[in-house]
Amino acid sequence: MLPGVYEPRSAAGTVLHQVVRTHLERFLAETAAATDGVGVPRFIEREFRDFLDCGALGRGFARVRCDACRFERLVPFSCKGRAVCPSCGGRRMAEQAAHLVDDVLPFVPVRQWVLTVPHRLRYRLAFDHALCRAVLGVFIRAVLGWYRRRGRCVGIPEGQSGTVTVVQRFGSGLELNVHFHALGLDGLFAPGADGTLRFHRLPPPSDGDVARLVVTIARRVGRLLLRRGLVDDGDTIDQLAAESLALAGLASAAVQGRVALGPRAGARVERLGSNPDAPWVESSRPLQARCEGFDLHGAVAVAGEDRDRLEQLCRYLLRPPIAHERLALRPDGKILVTLKIPWRDGTTHLCFEPITLLERLATLTPRPRINVVLYHGVLAPRAKWRGAAVAYGRGDTTATQDDAAPIAAPTEVATSPAAIPAGVDRRGAAGPAAAGVPFATSGPGAVTREPADTPSSAAPPRRWRWAELLQRVFAVDVLACPNCGGRMRLIATIEDPRVVRRILTHLGLAGDEGPPAGLADP
C-alpha cells in the first residue's frame, strides 16, 4: 500500500457493533417488559437498527474505480445516525465544523461560553425541545446583553454580537447531561460613520462578570420554570413519563449515572481507578462560577486568524458521544469505556454491562428533526447584518479592529452555495471522518448541517464530499488508488437488492455474519 493511501475497515468488527447486534433484542424486550409491553419510542429502536445496517454491503454500495489500473472498491452506504453510530457522528462533526469555520464565523476573536444546568433540569430538557430552546434563549440573551452593556461603557451604543450554540446531550461518562456550548464573537459589530460594518473587540470578562452572569441566568431560568408551572415537582405532570415510561426511566437513571434495568437497577456504573476517599473539591478555575446548580465557564478564547484551532474547537463541540477506539471488550463480556481525561477522583475507565451501555445510548438519541446547532444575534439566519458579519475579514488579509465590511441587505445570507460536485459524495456519501470507515449514503434523508430556521431565500449550504472531509481531517487522499497511485472515481451506486446480491456473490462477499464469540446473551 502506498504511503498516505486510505485503507477502509469494517464497522461490523467494532466492539459497539458487536454489542448492539448481540444485545439489542434483549434490551428491547427488557424495556417492554418493564412498561407493560410499550417499550422505547420507535425513533430510538430505529436508530439502533439503522446502525446495524451502517456499512453493510448487503444494503447497497457505491462502486469506485481507478481508470489507470481498473482497481475497484465498494463503499457501503451509511446510516446517518445522530447518536449511536460514531462513524456517522464523526462525518457530521467534520462537515459542520468545516461549515462553521469557512462559512459562518468571521475572522474575529471567539470565546466559548459553557453553561451546565442542575441535574433535575437536565432530565426535563432531554426530550422537551421547546423548554430546551427557552432555557437556551435565557442563556444567550444574558451573554449578548453583557456584550452590549460592555460596549456602551466604551462608547459603542448600537453594537451587536452573535453566537453559535451546540446543544450537547452527554458527559464524558456517557451520562445524560444536556448542556450548552456557545461560541460568542468576543466583541461587537457596529456600523461606522461611512455605513460599513466594523468589529470592535472588547476586554475579556473578569471573574466577577462571570459570577454576575451565572446569577442572572439562574434567576431568570427560575422565573421561566415558575411561569411554566415546573417548579413544584409534586404537582407537575411528567410529560416524558406520560409519553414513554420506558424512556423516562432510562433518562432518569442516565442523568444520575445509574443502571436502569436488570438486577443492578439503581446501582452506579462501575468505575476503575477511582479513590472512594478522595475529597470532592470545588473547582476554582479562572472565569468559572456556580450558582444553584448552574455552572458557567468562559475562559476559552480563540483568535480570529487561528482558523485551525477554531476548527478544532468546533469539532470538540460537535463530537459524537462515543468513539470506537474508546471501547474495549473484557473477557467477562463487559465493555470498558476509556475516559479521555481522568476524573478528579482518579477514575480512568467505566465498566458497563452491555444492556447498560445500550440504555445510555438510547437516552443520548435526540428526537428526529431537532436542531442541535442554533444561531443567535448577528449570526441569526434573518439578522440584518448577518451577510456582512460572516464575510468580515475573508479577504486577502487578516481582519483587524479597523477593517470594515459593507452592510448586506437584510435577506442576504453569506454561505458557500457551491453545487454538489461530481464524485463519491454526489448521492450524499457520508464516511466516518472520526472513525476511519468510508461509507456513502443514498436515498432520502441525506446528512445536512442543521442551521436553525434557515430562511427559504437563503442559498443551500455547501455539501462536503466524503473524500474532501477525510483529506481535511486526516490529510489522507482516499481517492488515491492503492495499486498504482492513480485517481479513483465514482462509476455507479448499486441499490437494487438483486443486483447487490449478484455482485457480492460473485466477489465472495455475500456471507451473513453471526453473533461474535464472547458476546452471547446468557
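Which residue forms a salt bridge with Asp 295, and how far apart are the closest N and O atoms? The partner is Arg 290, and the closest N and O atoms are 2.9 Å apart. This is a predicted model.

**Overall fold**

The chain holds 13 helices and 16 strands. It has 522 residues, and 53% of them are buried. The accessible surface of the chain is about 23,400 Å². Carbon and sulfur atoms account for 53% of that surface.

**Salt bridges**

A search of the whole structure gives 17 salt bridges. Three of them are set out below.

| Glu 30 | Arg 26 | 3.0 Å |

Helix α1 spans residues 15-34 and contains both Arg 26 and Glu 30. The two are four residues apart, about one turn of the helix. Their salt bridge brings the closest N and O atoms to 3.0 Å. Arg 26 has a relative accessible area of 30%, so it counts as partly exposed. Glu 30 is also partly exposed, because its relative accessibility is 24%, and the cut-off for buried is under 20%.

**The pair in helix α6**

Asp 209 and Arg 212 both sit in helix α6, which covers residues 207-227. Here the spacing is three residues, again about one turn of the helix. Is Asp 209 buried or exposed? Asp 209 is buried, at 9% relative accessibility. Arg 212 is exposed, with a relative accessible area of 53%. That value passes the exposed threshold, which is over 50%.

**Back to Asp 295**

Asp 295 is buried, with a relative accessible area of 10%.

**A linked set**

Which residues are linked in a network of salt bridges? Glu 25, Glu 45 and Arg 49 make up such a network.

Definitions and conventions:
Residues numbered from 1 in each chain as written. Predicted model: local features only at pLDDT ≥ 70, side-chain atom pairs only at ≥ 80, totals over all residues. Heavy atoms only, no water. Buried < 20%, exposed > 50% of the residue type's maximum accessible area, 1.4 Å probe, protein only. Areas by Shrake-Rupley, 256 points an atom, 1.4 Å probe, with all protein chains shown as cover. Salt bridge = Lys/Arg side-chain N within 4 Å of Asp/Glu carboxyl O.
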